[in-house]
Structures are given as C-alpha cells and as structure tokens.
Amino acid sequence: MGDKRKDYITWDEYFMGVALLSGMRSKDPNTQVGACIVSQDNKIMSMGYNGFPKGCDDDEFPWGRTGESNDTKYPFVTHAELNAILNYRGGSLEGAKIYVALFPCNECAKAIIQAGLKTVVYACDKYADTPATLASKRMFRAAGVELVPYHHTGRQIMLEV
C-alpha cells in the first residue's frame with residue numbers, strides 16, 4: 001500500500017479558491033468579488049459573487065464607477081457576501097465562516113453579523129482606511145466576529161474547462 005499524497009490543498013486554500021472562482025462569475029469590468037460560506041465542520045453552505053439583483057438586466061444597468069450616483073454601478077450591485085447569505089436555503093448560518101476576496105463593506109458587515117457568521121477570512125483589504133471599512137471593523141469587533149487575513153501560499157490552481 002502506498003503513502004497518501006502530501007501536496008493536497010488546505011481547507012483555507014480550498015474555500016478561498018471557491019470564493020475566487022465564484023468571483024469569476026461577476027460581470028463587473030473592474031471588481032470581481034466572490035464569497036463562500038462554510039460550516040464549522042468544513043461543508044460549503046453557500047456562495048455568491050457581486051452583480052445586479054435577480055431580474056435586473058445587466059445590459060440595462062450601468063457598470064461605471066464615476067458620474068452621477070444613479071449612473072454608476074454602486075446603488076445597484078449586490079455584493080458577494082450579501083448574495084452568499086441570501087442564496088443560502090438551509091437553516092441557520094449561526095457560527096459559520098465566510099471566505100471573501102475583498103474585506104466586507106459596512107453594509108455587508110451588518111448582514112454578516114445579523115446572519116450569525118462568526119469568522120471572516122479575507123484575501124484583500126485594499127480599502128482598509130476608508131470610512132466604510134473602518135465602520136465594518138468596528139462593528140465586527142463589537143459583535144465578536146473574528147477577522148482572519150488569508151495567508152497566500154503562492155500555490156497556483158489551474159482549471160481546464
């Protein structure tokens with residue numbers, strides 16, 4: 001009998017990989033964000049990515065980042081974290097962990113806290129000093145949500161489809 005292979009991916013690599021792969025579904029030309037919600041026993045519960053709400057034609061709504069508010073994507077796009085929470089069709093998300101490509105904004109932080117998620121693993125915190133992210137961090141601390149920066153391993157996962 002041979003030995004098991006030793007170069008398999010870790011749970012964190014697996015779930016962050018799923019979050020990043022989910023983000024590749026986004027049609028946003030600038031920012032593709034994915035999220036993966038995982039149970040305490042390492043089972044995927046839900047996934048999401050940033051995009052327009054169901055029924056809102058993504059050819060009829062703006063994808064731009066500048067201009068008058070309603071001429072940009074910002075009032076219309078649903079973030080990956082909120083989509084992952086809303087996509088869940090099971091019971092409670094209490095105690096679950098969410099893997100996200102980008103640190104959650106204050107609106108997603110509220111949804112994460114209200115849904116009972118206890119850990120946020122994030123790949124990037126490029127807006128760390130913005131008011132929305134600072135508000136997120138304050139709420140997460142107050143609610144006892146653990147914030148874990150993802151430690152990139154440098155491993156490349158290639159898919160051929």
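## Model and conventions

This is a predicted model: local features need pLDDT of at least 70, side-chain atom pairs count only at pLDDT 80 or more, and totals for chains, interfaces and linings use all residues. Residues are numbered from 1 along each chain as its sequence is written, and side-chain values use heavy atoms, with hydrogens and water left out.

## Helices α3 and α4

Helix α3 spans residues 106-115 and helix α4 spans residues 131-143. Helices here are DSSP runs (H or I, at least four residues), strands likewise (E, at least two), numbered from the N terminus. The α3 and α4 axes lie 8 Å apart, at an angle of about 20 degrees. Axes are lines fitted to C-alpha atoms, for helices over the stretch in contact, and angles run from 0 to 180 degrees between N-to-C directions. The two helices are therefore roughly parallel to each other (angles under 35 degrees count as such).

From α3, Asn106, Ala109, Lys110, Ile112 and Ile113 take part in the contact. Their partners in α4 are Ala132, Ala135, Ser136, Met139, Phe140 and Ala143. Contact means heavy atoms within 4.5 Å. By class, the α3 contact with α4 has eight nonpolar, two polar and one charged residues. Ala, Val, Leu, Ile, Met, Phe, Trp, Tyr, Cys and Pro count as nonpolar, Asp, Glu, Lys and Arg as charged, and the others, Gly among them, as polar.

## Alanine 132

Alanine 132 sits in helix α4. Its relative accessibility is 28%, which counts as partly exposed. The classes are buried (under 20% relative accessible area), exposed (over 50%) and partly exposed in between, with a 1.4 Å probe and protein chains only. Alanine 132 touches Cys105 and Asn106, not counting residues up to four places away in sequence.

## Helix α2

Helix α2 covers residues 80-87. Ala80, Glu81, Asn83, Ala84 and Ile85 are buried there. Their cover includes β1, β2, β3 (97-102) and α3.

## Cysteines

The whole structure has zero disulfides (a disulfide is a pair of cysteine sulfur atoms within 2.5 Å). For cysteine 36, the nearest cysteine sulfur is that of cysteine 108, 15 Å away. Cysteine 36 is buried, at 0% relative accessible area.

Cysteine 108 is in no disulfide either; the nearest cysteine sulfur, that of cysteine 105, is 3.8 Å away. Cysteine 108 is buried, at 4%.

## Asparagine 42

Asparagine 42 lies in the loop between β1 (34-38) and β2 (44-49). Its phi is near 65 degrees, a positive value in a residue other than glycine. Asparagine 42 is partly exposed, with a relative accessible area of 26%.

Definitions and conventions. Parallel < 35°, antiparallel > 145°, perpendicular 65-115°, else oblique.
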